[in-house]
Amino acid sequence: IAVDPFDLVVVGATGDLARRKLLPALFYRCAAGQMPAEARIFGVARRAMTADAFRAMAHEAIAAHVPPSDRDEAGVDTFLGRVGYVAVKADADDGWADLARALADQPGRIRVFYLATGPDLFGPICDQLARHGLATPGSRVVVEKPIGKSLDSARAVNDAIGRTFPEDRVYRIDHYLGKETVQNLMALRFANALFEPVWNAAHIDHVQITVAETLGVEGRAGYYDTAGALRDMVQNHMLQLLCLTAMEPPTSLAADAVRDEKLKVLKALVPITEENAADRTVRGQYRAGASAGGPVPGYLEELGKPASNTETFVALRADIANWRWAGVPFFLRTGKRLPARVSEIVVAFRPIPHSVFDDTAGPISANKLVIRLQPDESVKLWLMIKDPGPGGMRLQQQALNMSFAEAFGVRNPDAYERLLMDVVRGNQTLFMRRDEVEAAWTWIDPTLQAWSASSEPPKPYTAGTWGPSASIALIERAGRTWHEDE
Ligand code: BG6
């Protein structure tokens, strides 16, 4: 279904995010017929460049990131026909009047300002938008993480944006919320009567959330070294996954109904403190090793520095102090240069209370629901069944397996496609509200402080392994083990 006509201004349009994600996503939506012919996309960046030169850059970006089977020249031309460029200096006065002129003929139209820049520019850009009368009532602003580096800096960034845009026109992207399978978590929980009655401490033993990557820090070492895995992945993506898993059913999918429930989870997280951080958290950093068969350098070599305490791996235990989840630990782990790229949520149920089988039946494993977010999106429910055949009552574990590729056989749209169209539609459900972001920082901050106060550096792990052994010890101390696909 086509959205209403819009003007979308991408500030930072020559950067990596615009080229890798935003332009390809917009192209896909155009090719799918969702973008009306009147829609306009303006690239904005510091560099002086003609609109033709920017279109050539956009063309290259699409050629590099959209497979040939998904594009033809006519479709690319149609898309590029909607693309323009204005040179603007984000933190100075240059160019803003030109941008105002370019947009002036459509003052009433939906306007989206996508700030694909560092967070230190969010405030100055919003101020310029206000000063030049660009922040019309129909306009909205989209920002990416990192929203701050701590609670205080996040508040400062949010205040700076809030000077120009009220909260109902601020779209804080967490691209994990746009992933098909993450949205499917809501379908699974709230469109099936089966799960909700057992979705609590009486029936669930613990939950594991893993986001493992095989890549290192690639060309982003400069940014990454100031962030680390806790800020880069846990504060946002992983806590959002935890919230969607743990939240109470919202009354509807209205933005605030969902966000209110997520906020309650964040506020119920048992604080990690300087005293218990060593017991609840593990931080690691990769050394040289092997990935995808080949040798890869260590983090410090990629960074080009002799030393750094930045973590490229985190494992931690989170507890939620409420009626539904008391006593159910949530184990989170994420890291770079792990053996596989896999993101999944494992809901581990409690064992059966009493076995009617004798020893020949074999061990009875507790049920597990494994939601694989990527790659090979699937939902697996691990059950015990009888070994087929006349050999007596022997049991084995098997999975009811729903693979998305087999079930649907369609391309999974990129998260940005969905999220960009949601901004145009004015739907904030899949975007983070200010209080959520700040509540997440409130919980993360003490761990950051405990780590920086500690004399112990991150634990080394060899690239291509599942992180430091302390991560295994962390979950084993609680009497559980990390899930491995059987
Ligand atoms: C980004 C992080 O937000 O998410 C990256 O900054 C990380 O470090 C990426 O690689 C992972 O996203 P995805 O969609 O590939 O799982």
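Start by selecting Met393, which sits in the loop between strand 15 (378-386) and strand 16 (395-403). The model on screen is a predicted one. With a relative accessible area of 42%, Met393 is partly exposed.

**Helix 9**

Next, select residues 229-246, which form helix 9. Of its 18 residues, 17 are buried, so hide the surface to see the helix, which is mostly covered. The end C-alpha atoms of helix 9 are only 22 Å apart, while a straight helix of 18 residues would span 26 Å at 1.5 Å a residue.

The unreviewed UniProt entry annotates His237 as "active site". Is His237 buried or exposed? His237 has a relative accessible area of 3%, under the 20% cut-off, and therefore counts as buried.

Now select Asn309, in the loop between helix 12 (299-303) and strand 11 (313-318). Asn309 is partly exposed, at a relative accessible area of 48%.

**Backbone stops**

The next stops concern the backbone. Most residues other than glycine have a negative phi, and most peptide bonds are trans.

- Select Lys145 and Pro146, which are joined by a cis peptide bond with omega of about 5°. Pro146 lies in the loop between strand 5 (139-143) and helix 6 (151-162).
- Select Gln374 and Pro375, joined by a cis peptide bond with omega of about -20°. Pro375 is in the loop between strand 14 (368-374) and strand 15.
- Move to Asp376, also in the loop between strand 14 and strand 15. Asp376 is not a glycine, yet its phi is positive, near 50°. At 59% relative accessibility, Asp376 counts as exposed.
- Go to Arg337, in the loop between strand 12 (330-335) and strand 13 (342-349). Arg337 has a positive phi of about 55° although it is not a glycine. In contrast to the exposed Asp376, Arg337 counts as buried, at 9% relative accessibility.

**Salt bridges**

How many salt bridges does the model contain? The count comes to 39, taking a side-chain nitrogen of Lys or Arg within 4 Å of a carboxyl oxygen of Asp or Glu.

Show the side chains of Asp7 and Arg109. They form a salt bridge, with the closest N and O atoms 2.9 Å apart. The pair links distant parts of the chain, 102 residues apart: Asp7 is in strand 1 (residues 6-11), and Arg109 is in the loop between helix 4 (96-103) and strand 4 (110-115). Asp7 is buried, with a relative accessible area of 0%, and Arg109 also counts as buried, at 11%.

Turn to Asp94 and Lys89, a salt bridge whose closest N and O atoms are 3.6 Å apart. Asp94 is partly exposed, with a relative accessible area of 39%. Lys89 is partly exposed too, with a relative accessible area of 31%.

Then select helix 10 (residues 255-268), which holds both Glu261 and Lys264. These two form a salt bridge, the closest N and O atoms being 3.3 Å apart. Glu261 and Lys264 are 3 residues apart, about one turn of the helix. An α-helix has 3.6 residues a turn, so residues three or four places apart point the same way. At 12% relative accessibility, Glu261 counts as buried.

For the last stop, show the side chains of Asp256, Arg259, Asp260, Arg433 and Asp435. These residues are linked in a network of salt bridges.

Notes
Residues are numbered from 1 along each chain as its sequence is written. This is a predicted model: local features need pLDDT of at least 70, side-chain atom pairs count only at pLDDT 80 or more; totals for chains, interfaces and linings use all residues. Side-chain values use heavy atoms; hydrogens and water are left out. Helices (H or I, at least four residues) and strands (E, at least two) are DSSP runs, numbered from the N terminus. Buried means under 20% relative accessible area, exposed over 50%, partly exposed in between (1.4 Å probe, protein chains only). The expected span of a helix is 1.5 Å times one less than its number of residues. UniProt positions are given in the numbering used here, feature names are shortened, and annotations may be inferred rather than shown by experiment.
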